Amino acid sequence: MHKSGTKALDELHITTQQWAVIGALARKGAENGIAVGELTRFLMVSRQNLTGILARLERDGMIERTVSPHDSRSRLIRLTSHGRHLWSTDMSARISDYYDEALAGFSTTDKIHLIHYLDKLLNNMKQLDQDSGDI
């Protein structure tokens, strides 16, 4: 997925990791920003892995860090108008086309089963993390 997904957004110079972050920040309810900790939990990545991605997105004018209105010591990450525009005009359509191609030949029932089994796998992996004390 990483290799073929990167090709889908190659013209935009967006990696699959950046795509995940931008998509998370483009969700309804995230317009005012998300704390880094919340973003790491949502994306299921470490803060260390996210730091470099955020730095590159900030450098490229896609995201900005703002002060939380609830705690002046806390910073929120949100899309800039440029990042939001790129998501709504170019990225989301390309990603949708990518998934349509990746799921070609899958029936609705196949897709439901796929989601069910991937969810089951994710829950098992979360349990493994809990058992090893990594959460």
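User: Is arginine 73 buried or exposed?

Analyst: Accessibility is sorted by cut-offs: buried means under 20% relative accessible area, exposed over 50%, and partly exposed in between, using a 1.4 Å probe and protein chains only. Arginine 73 is exposed, with a relative accessible area of 73%. One word on the source: this is a predicted model, where local features need pLDDT of at least 70 and side-chain atom pairs count only at pLDDT 80 or more, while totals for chains, interfaces and linings use all residues. Residues are numbered from 1 along each chain as its sequence is written, and side-chain values use heavy atoms, with hydrogens and water left out.

User: With which residue does arginine 73 form a salt bridge?

Analyst: A salt bridge is a side-chain nitrogen of Lys or Arg within 4 Å of a carboxyl oxygen of Asp or Glu. Here the partner is aspartate 71, and the closest N and O atoms are 3.1 Å apart. Aspartate 71 is partly exposed, at 27% relative accessible area.

User: How many salt bridges does the structure hold?

Analyst: There are five. Among them is the one between aspartate 60 and arginine 59, at 2.9 Å from N to O. In that pair aspartate 60 is partly exposed at 37%, and arginine 59 is exposed at 60%. Another joins the side chains of glutamate 11 and arginine 94, at 3.7 Å from N to O.

User: How many helices and strands does the protein have?

Analyst: Six helices and three strands. Starting at the N terminus, their order is α-α-β-α-α-β-β-α-α.

User: Which residues have the most contacts inside the largest nonpolar core?

Analyst: First, the general idea: in soluble globular proteins, nonpolar side chains tend to be buried together. A nonpolar core is a set of buried Ala, Val, Leu, Ile, Met, Phe, Trp, Tyr and Cys residues joined through side-chain atoms within 4.5 Å. The largest one here has 25 residues, and those with the most contacts inside it are Ile14, Val21, Leu25, Leu39, Leu54, Ile63 and Met91. Helix 2, helix 3 (36–43), helix 4 (47–59), strand 3 (75–79) and helix 5 each supply at least two residues of this core. Helix 2 gives the most, with five residues.

User: What is isoleucine 63 in contact with, leaving aside its neighbours within four places in sequence?

Analyst: Contact means heavy atoms within 4.5 Å. On that basis isoleucine 63 touches Leu25, Leu54, Leu57, Glu58, Ile77, Arg78, Leu79 and Thr80.

User: How much of the protein is buried?

Analyst: Of the 135 residues in the protein, 27% are buried. Along its principal axes, the C-alpha trace spans about 50 × 40 × 25 Å.

Conventions: Helices (H or I, at least four residues) and strands (E, at least two) are DSSP runs, numbered from the N terminus.
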